[in-house]
Structure formats: C-alpha cells, structure tokens
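Hello,

Here is the structure I promised to pass on to you.

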Amino acid sequence: MALPQKESTPIFSDATAGTLRLIAYLALAAVLMVLDHRNGWLHRARYATAAAIVPVYKLAALPADWIHDAGVAFTQRSKLIDENRQLRETLMLAEARLNRMQSVAQQNERLKQLLDTQHLLGMHAQLARLIDVQLGPTRDRVMLNVGSREGVHVGQTVIDSHGVMGQIIEVLPHASVAMLVIDPEHAVPVMATRTGSRGIAHGTGDADQLVVSNLPLSSDIKAGDELVTSGLGGRFPGGFPVGTVTRLERDPSGMFLQALVKPAAELDRSGEVLLLRDQPEPEGPPAPAPLVGPPDSLAPASSEAHKRASAGAAP
Amino acid sequence: MNRFRAQGWTFWIGIALSLLLMLVPLPAMIEPLKPYWPALVLIYWALETSDRVTVGLAFGIGLAADLLNGALLGDQALRLAVLVFIVLRFRSRLRFFPMWQQALAVWLLLLNNHVLQALIRAFAGDSPMPVLSWLEPVVGAVIWPFVFLLLDDVHTRLRGKAT
C-alpha cells in the first residue's frame, strides 16, 4: 500500500504542495465562475450535456412523483369525488365550447369556398343561409333567409361552392323559396364539358339523381362526364357544374339514351348558398369554355409574376 | 486490487446518490434545510481513505454538481475543494475525535462552506440566501453520525465481501 510511503514523506513540503494545489484550484474555480458569469458557459455546457443530465433529473424527480402518487392514493374519497365532479363539469363545458369551435371552423371553411367561387366567377352574388324547414313532403325545396327586401327575385340561380343547387321560385319579404335541381318539376340546360354535347337535366325526386333524357343513341357521352350549365335558355348562367354522369341506359321507348347524373351541389348539406344576381343574356351562345375550367391556381400566380416582373423593370 | 475496486464502486455510487439527493425536491418549507449531501459523502471518504479523495477530485465532483445544479459553474467546485483541503489537512486529528466532536467539526466545515456560498452569491449578484438556510450546517452536523455509520457499514461490509 502507498500509505506508509505517504506518511513518511516530509510533512512540511507535502503541506506546502497541498496548499499550492488548493490555490491553483481556487484560482481555476474563480476564473470559471467569472467566465460563466460573463459568457453563460454553464448554459452551453448544460445544453451540450443535456442527454446525460436530463435522465438524472428524471431520476431525481422520481421520489417526489412517488410521494405525489402516494398522496393521491391516500386522499380522502369524498375529496376525490368532489374533484371528479368538478372536473367533469369543466370537461363538459370545454367540450361544448370545442364543438362550437369546430362547427365555426367548418362554417369558415365553407364560407371561404363560397367566396372563392364568387371571385372566380367575377359575378355579383348574394350570400344566403338556409332556413331549416321542411317544405312539403319531400326535400325538393328549401327556404332561404333573404327575400324581396334584400333584392331577391324569382328566377335567380342558387349555387353552393360545388355547383348549381336550383333556382328561386317564390319570394317573400325576408325569405324566399328555392326549387332544387332534383325536383321533378325542375330542368336545367346542360352541356358535357368533354364533348360539348347538350341536353336538359331533369330532377327525378330522388335525392341524388338527375336524368338527362332524349340523348341520341350515337352520342358519345360516357359515365364520368361532367355536366355544366350551358347558358342556353336564359335562366341559368353558363359554366356552373351541375353533376357527373354516373350511368347510361336506354329510355323506356328504346329510341334514346338517358344519362343518370349525380348532382354536384351538396344539396343536403349546404348551410350557406349564393344567389347569383347577374342574369345571363336571354339568348346567346354558351359561355366560353375557359370559364368552365377553374384556372384559380394559375391566374393569381401568373398575375403576381407579371406584377413582380413589372416592379423589377420599374427601378 | 479487488478491494480497491470494490471501494471505488462504493465511493462512486455514494457520490452519485448524493448528487441525486441534492436534486431531489423537498417541500418548500424545509427545502432550505436540505443538507449538502455531496459534502458529507466527501468528508466521509476523505476521513476514511488517505489516497482516494484529493482536492482535484473534489473539484471535479463539484464541477459535475454545478453542471447538474445549474447555478454557477465553479461555485461548488471551489467550495468542495476548500472543504476537502481542510479535511485532509486535519485528517489525522479528525479521525480520532469522538462522534460528537466530529459532528461539531462537520458543522464548522459546513458553516464555512455556507459562508463561502453566500460570498460567491454576493459576488455573482444573486439574491441572498434564505435566512433559514443558515440552519443547514446544523442539520448536516446532526445527521452526520448517521451518514457516517451508514457509509461505514456499507464500506466495511463490501470490504469484507471483497477479501
């Protein structure tokens, strides 16, 4: 062992060396403290060694956690019940608030879509809200919360963010009734975007089905074709989506085809709708094709690029 | 050599536990009274073994404690170095004190440590220590006999097992 050796060394020199060493360490510590105080070394060191330090903290926190758990385990039952009740009330309140927020968020989304539609079309439109009443035995008609006092008149087209919903058939001072496209009495002139072939879509009374009848057997309309309003007839402006062809079949006479169409508008879901103010020309050619495709992703970008280019050229 | 290694294990585990205990939170009322565990453990080992604990080792452990504690880098390093230096200087006398005198000496050591801490804090411009914390050296002295006995027991047991 080194013990006797150490004891045998002269005590004086050992003590002096020890003191010198202590002084060196004290100086080192002082330098460290000053540097840390000035430069925040400690934080950097702690940041660098966080992987090692954090587990130590977790370990050190364990006893407190256990004590807390034990405290929970031994808390009086009535107190717990009280707390539970209180928490449940708070939770219910919070949930109610959350649900409300969710519906508001969804509404916001819908409104934004509608606004987009409005911008896209460059038309004047009026926002209306459905009044949820059941008109008649079927859900072919809806009531809107705007009427003649708000400038609504019979014949206006009703759309939602997805497509044509129907048209106004009755106007009250502060409400109006719209006939949906699925009403058997309703017909809308349509055009297939792919081929340009025209037809008239009738309602069937079925909640999600329209029918385009009297198509020639030779017409090349296919399932999946999109139908838009053609603008003929002077009631509906052209270019609004009406629906998608789901199926083709022969009509009862066997002389013609009829196409079954799924409406584009969310007839049973829309809460807000747009009433188009601008009536199309009573007669005239169908709306030009570019209106049909939604170039919303391209148009703002190109205009921005244009603006940027001109701004770059200006100085 | 085996014996030395076993002792090494005991030493380092003791140090690690003391650092952990330093971090373990106590109720706010008695938090200032928490004894300074690393100092107690270091005092024991400085008294018991002649060649294991050095001022440099105390400095290193103090740095680790600073890193964990996050107050001021070098603060505990300085204090523990001073503490161990004093213990080593008076080691031959302290070892053969009766327990109560040893506890008294521990109290003085811890008090010195506390004064140093207060000074360092004052220099660093930190808020002064809570008044209650001046009782901390007393707590340390009171539990010293138990710490001593516990560590001694573990120490001798491991030594017996190793040999």
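**What I found**

In chain A, β3(A) and β4(A) form a hairpin with 4 residues between them. Before going further, please keep in mind that this is a predicted model, where local features need pLDDT of at least 70, side-chain atom pairs count only at pLDDT 80 or more, and totals for chains, interfaces and linings use all residues. Residues are numbered from 1 along each chain as its sequence is written, while chains are lettered from A and ligands numbered from 1 in the order in which they are written.

Back to the strands (E runs in DSSP of at least two residues, numbered from the N terminus; helices are H or I runs of at least four). β3, residues 157-159, is joined to β4(A) by 3 bridges, and the two run antiparallel; strands pair if DSSP finds at least two bridges between them. In this pairing Ile159(A) stands opposite Val164(A). On to the next strand: β4(A) also forms a hairpin with β5(A), again with 4 residues between them. Here 5 bridges join β4(A) to β5, residues 176-180, in an antiparallel arrangement, and Gly166(A) faces Leu180(A) as its opposite residue. β4 itself spans residues 164-171 and is mostly covered, with 6 of its 8 residues buried. Buried here means 20 or more other C-beta atoms within 10 Å of the residue's own, exposed means 12 or fewer, and partly exposed is in between, with C-beta atoms placed from the backbone.

Chain B has 7 helices and 0 strands. Of its 163 residues, 35% are buried. Among the contacts in chain B with a separation of 6 or more, 67% are between residues 24 or more positions apart; a contact means C-beta atoms, placed from the backbone, within 7 Å.

α3(B) and α4(B) pack at about 150°, with axes 7 Å apart (axes are lines fitted to C-alpha atoms, for helices over the stretch in contact, and angles run from 0 to 180 degrees between N-to-C directions). That angle makes α3(B) roughly antiparallel to α4(B), given that over 145 degrees counts as roughly antiparallel, under 35 as roughly parallel, 65 to 115 as roughly perpendicular and the rest as oblique. By class, their contact has 13 nonpolar, 3 polar and 3 charged residues. (Ala, Val, Leu, Ile, Met, Phe, Trp, Tyr, Cys and Pro count as nonpolar, Asp, Glu, Lys and Arg as charged, and the others, Gly among them, as polar.)

The second pair is α2, residues 37-48, with α4(B): the angle is about 30° and the axes are 10 Å apart. This makes α2(B) roughly parallel to α4(B). Pro38(B), Ala39(B), Leu42(B), Ile43(B), Ala46(B) and Leu47(B) of α2(B) meet Leu80(B), Leu83(B), Val84(B), Val87(B) and Leu88(B) of α4(B). That contact divides into 11 nonpolar, no polar and no charged residues.

One residue to look up is Glu136(B), which is found in helix α7, residues 136-162. Glu136(B) counts as buried because 21 other C-beta atoms lie within 10 Å. Leaving out residues up to four places away in sequence, Glu136(B) touches Pro32(B), Leu33(B), Lys34(B), Pro35(B), Tyr36(B) and His114(B).

Finally, the chains meet through 24 residues from chain B and 25 residues from chain A. On the chain B side, α1, α3, α4 and α6 each supply at least two residues, and that side divides into 17 nonpolar, 4 polar and 3 charged.

Best wishes

How values were computed: Contact = placed C-beta atoms within 7 Å.
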